[in-house]
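Subject: Structure handover

Hello,

Here is the structure you will be working with. My notes on what turned up follow below.

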Amino acid sequence: MKMTTNSLTRRGFIKLSSAAGSLAALAGGVSLPFFSRAAEKNDTTAADKQVVWSACTVNCGSRCPLRMHVKDGEIIFVETDNTGEDDYDKQDVQVRACLRGRSLRRRIYNPDRLKYPLKRIGARGEGKFKRISWDEAYDEIVASLARIRKDYGNEAIYLNYGTGTLGGTVTKSWPQGRSLIARLMNLNGGYLNHYGDYSTGQITQGLDYTYGGGWGYGNSFSDLVNAKLVVQFGNNPAETRMSGGGLVHHYVESVNRSDAKVIMIDPRHNDTVAGRNDQWVPLRPGTDTALISAIAYEMICNDWVDQPFLDKYCVGYDAKSLPASAPKNSDYKSYILGKGEDNTAKTPLWAEPICGIPADVIKDLAKQIGTTKPCAILQGWGLQRTANGEIASRAVAMLAILTGNVGINGGGTGARESDSSIPFVRFPALTNPVETAISHFMWTDAIARGTQMTATKDGVRGKDKLDVPIKFIWNYAGNCLINQHSDINRTDAILKNEKDCEMIVVIDNHMTSSAKYADIVLPDLTIAEQSDFAMDGKAANMPYFIFADKAIEPQFESRGIYQICSDLAKRLGVEQEFTEGRTQEGWLRHLYQLTRANDPMLPDFETMRQQGIYKRPVKEHFVAYKDFRKDPINNPLGTPSGKIEIYSERLANIAQSWELTEGDVIHPLPVHVSHAEGYDDPLRKEYPLQLVGFHFKSRTHSTYGSVDVLKGAARDTLWMNPLDAHSRGVENGDRIRIFNGRGEIHIEAKVTPRIMPGTVALSQGAWYAPDGSKVDQGACINTLTSQRPSPLAKSNPQHTNLVEVQALQA
Ligand SMILES: Nc1nc2c(c(=O)[nH]1)N[C@H]1C(S)=C(S)[C@@H](COP(=O)(O)OP(=O)(O)OC[C@H]3O[C@@H](n4cnc5c(=O)[nH]c(N)nc54)[C@H](O)[C@@H]3O)O[C@H]1N2
Ligand SMILES: Nc1nc2c(c(=O)[nH]1)N[C@H]1C(S)=C(S)[C@@H](COP(=O)(O)OP(=O)(O)OC[C@H]3O[C@@H](n4cnc5c(=O)[nH]c(N)nc54)[C@H](O)[C@@H]3O)O[C@H]1N2
Ligand code: SF4
Ligand SMILES: [Mo]
């Protein structure tokens, strides 16, 4: 959309001409002059109408500005960014919201919206509540906190994972340790920490052992213009980074500009390859390590590996660079060639029956990857959200390492792409006096068997073992209490026992399945009912942030998180320490002032409020570990050796000292291992199909899941290959039951060749809707997933499941 009524300033921001209209003061905000082309057409008497910049702050990997058209105090429709020329080459791109953000109005005014504070009167999960006043709710919470602190201490208080509003600044829900709840609890003696997250628990640890620094970085998507070949493992930006000015936009524009061929390795023909002339290589879930080992075999045998790179930058490729502590023949090359402990050469014929990819296709992949330079190797986060995702994520990196593509333009590291954001001073959460931490995924265990959990068995950090179980849960902007955490029936049984976890407080906008398990429910404001900065606008070369202003008054009796925490702080005797005498608006101004002091290029607060979005194009592509590549002595990596660790001594030590569940493997090398509920688990006799989840365009996890038009636009179905469907008498559109030992779901089948035979796929995030006989008619995949943690990160293996499918009688 070209701007006609406003002039453009540098970077394509709208400068509002004074003649464009008068600024009408809103309570707590300033409305924008009316200039929308669409609205002009619809309504020429626009004096009573305002357009207010807001934002979509959910956890979808993007962040989008929304322009709320408000009439008589009601949002009547939603538009998105209309600034700039929308020209990629000029790095002046409109950050256009996806179908979800554009339907935010329907989420705000949804019949499921929470209206008043509630107190549970039925059993947990039953959804029976009575309306109470805010004062009553606060009294209950404060009394419970005091009792639990006295009886168990602060380590019994837990802040559950929740990303519903991670894009906010005041409203920021994730990381939990940086939320306002954390600030409040830090002023009240602290709480039990968690490390890791549901998104990246395994890769964060896996790639830390390879590249160091806690995280594996990749080149920016914009750098794909320099690539000659792009190889992606389970990466689906078309569905998981949907913002128009965000990452998928940079991906598409860059790939279109380069001559690079794209190869997608994924059990599903995902939306990123769909409709493009790309090569799809389907494989069995959880077998990427076998494929990669066989590609490595071909590359070694054909001399396609970059030996000088391996010698100079890496530890443990061959005997030359193996650490002194490592046993003989424990290097990667020996493992691949069959000279290691298992005496098995990882030939394409060895890999074929494991991953289900024909040996000649594997050979061809090896040739393409080994002989085309530069080659960008990328992974999404799907293959690491698995039973041994730590090893799988390290294996993908091996392809980039063997070919010497790390640290160069057009290359990559095997990690996911990096993005850039504009540094912003965050709301200070203060310091937690408690240092003990569990993995984000182990909280149900910490309720049920907390004092049995140890450092070497369960990954407890900061202490050898937990001293107390979890007794109090804060659940702010999260649906992980039920919907998004694995094995709903197990969670249900644990939470139903009110003697174990004694108090659950849910702060949300909607009556979610998690809210139904709360003892106290507090109705929060949506982003449209308050002002906040929306941060971390994700883009390759054009980071941005948004001023999300208050568009409408609070609905019903809902209160914002800042007010809720301030009110509770008052009752806890720490009001002054919590607020520091500032209102929410005061904090926004304060944080922005601190940010601007570090970054004087930013517009002043009022200008920012009016222009809504600030974009900052960056000229250079980001190349991960570029400095290390140039000079590894002076720019060492964060690993103990300062080099890329193919063989990790740290992992070798952990493998020897931790107590692992039978069948779990931690290994110093990225080797292929069997794991629970994999393709070779004997349990397949009973449950023969591998079930993977995926993140779906009609929702952000469960958020937006109750919006009717979105449900209609992209329906939940179980993807099944015709071979698997027809052998079970299932036709496209039939209703089916999916089940395993943990639960059962009823849903419609989508019979499609877009899925690997033997594998079925179900989108994650659908709203759990049990029908009284424990069958989930809502088709929430977590009815079927497992709480068995991954070996190293103790993280969620939610894409690793065995199931069976049967047709349901019509
Ligand atoms: N099986 C399976 N499970 C998964 C995954 C998977 O791939 N497969 N993915 C996992 C991943 S990667 C993640 S990140 C998690 C995500 O799990 P969650 O962080 O729980 O994400 P959502 O389901 O979107 O829940 C966010 C909640 O915040 C609420 N919310 C939205 N806006 C606001 C607001 O302004 N204020 C308040 N108070 N609440 C708000 C929403 O109503 C919703 O209840 O799920 C994990 N679960
Ligand atoms: N629309 C939308 N976008 C989102 C979200 C959302 O809920 N909705 N959630 C956001 C969040 S919090 C996150 S963490 C990211 C998640 O981003 P990802 O984790 O990358 O997304 P997924 O869809 O879980 O997985 C990506 C792909 O991996 C494939 N895959 C699964 N198992 C394997 C395997 O063993 N090997 C290989 N090679 N591929 C495999 C899946 O089929 C899928 O196509 O998405 C973000 N974006
Ligand atoms: S869900 Fe994500 S891509 Fe869609 S509008 Fe919201 S922030 Fe943008
Ligand atoms: Mo995530």
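Contact here means heavy atoms within 4.5 Å. Helices (H or I, at least four residues) and strands (E, at least two) are DSSP runs, numbered from the N terminus. Axes are lines fitted to C-alpha atoms, for helices over the stretch in contact, and angles run from 0 to 180 degrees between N-to-C directions.

Two points on the source. This is a predicted model, in which local features need pLDDT of at least 70, side-chain atom pairs count only at pLDDT 80 or more, and totals for chains, interfaces and linings use all residues. Residues are numbered from 1 along each chain as its sequence is written, chains are lettered from A and ligands numbered from 1 in the order in which they are written, and side-chain values use heavy atoms, with hydrogens and water left out.

Two strands pair if DSSP finds at least two bridges between them. Strand 19 (residues 503–508) and strand 20 (residues 520–523) run parallel and are joined by four bridges. Val 506 has Val 521 in strand 20 as its bridge partner.

**Helix 3 and helix 17**

Helix 3 also meets helix 17 (residues 561–571). Their axes come within 10 Å and cross at roughly 60°. The two helices are therefore oblique to each other. Angles under 35 degrees count as roughly parallel, over 145 as roughly antiparallel, 65 to 115 as roughly perpendicular and the rest as oblique. The crossing is right-handed. A crossing is left-handed if the near helix is turned anticlockwise from the far one by less than a right angle, and right-handed if clockwise. Helix 3 contributes Trp 134, Asp 135, Tyr 138, Asp 139, Ile 141 and Val 142. Helix 17 contributes Gln 563, Ile 564, Asp 567, Leu 568 and Arg 571. By class, this contact has six nonpolar, one polar and four charged residues. Ala, Val, Leu, Ile, Met, Phe, Trp, Tyr, Cys and Pro count as nonpolar, Asp, Glu, Lys and Arg as charged, and the others, Gly among them, as polar.

**Helix 8 and its partners**

Helix 8 (residues 288–301) and helix 11 (residues 348–355) have axes that come within 9 Å and cross at roughly 165°. That makes the pair roughly antiparallel. The crossing is left-handed. Among the contact residues are Ala 290, Leu 291 and Tyr 297 of helix 8, and Trp 350 and Ile 354 of helix 11. The classes are nine nonpolar, one polar and one charged.

Helix 8 also packs with helix 13 (residues 389–402), with axes within 9 Å and a crossing of roughly 20°. Helix 8 is thus roughly parallel to helix 13. This crossing is left-handed too. On helix 8, Thr 289, Ile 292, Ile 295, Ala 296 and Met 299 take part. Their partners in helix 13 include Ile 391, Val 396 and Leu 402. The contact has 11 nonpolar, one polar and no charged residues.

Strand 6 (residues 64–71) and strand 7 (residues 74–80) run antiparallel, joined by six bridges. Met 68 has Val 78 as its bridge partner.

Ligand 3 has 13 residues around it, where near means a heavy atom within 4 Å. Cys 56, Cys 60, Cys 64, Cys 98 and Arg 100 come nearest. The shell divides into seven nonpolar, four polar and two charged residues.

Most residues other than glycine have a negative phi, and most peptide bonds are trans. Asn 329, in the loop between strand 15 (314–315) and helix 10 (332–337), has a positive phi of about 60°. The peptide bond from Trp 174 to Pro 175 is cis, with omega near -5°. The bond from Lys 373 to Pro 374 is cis, with omega near -5°.

Best wishes
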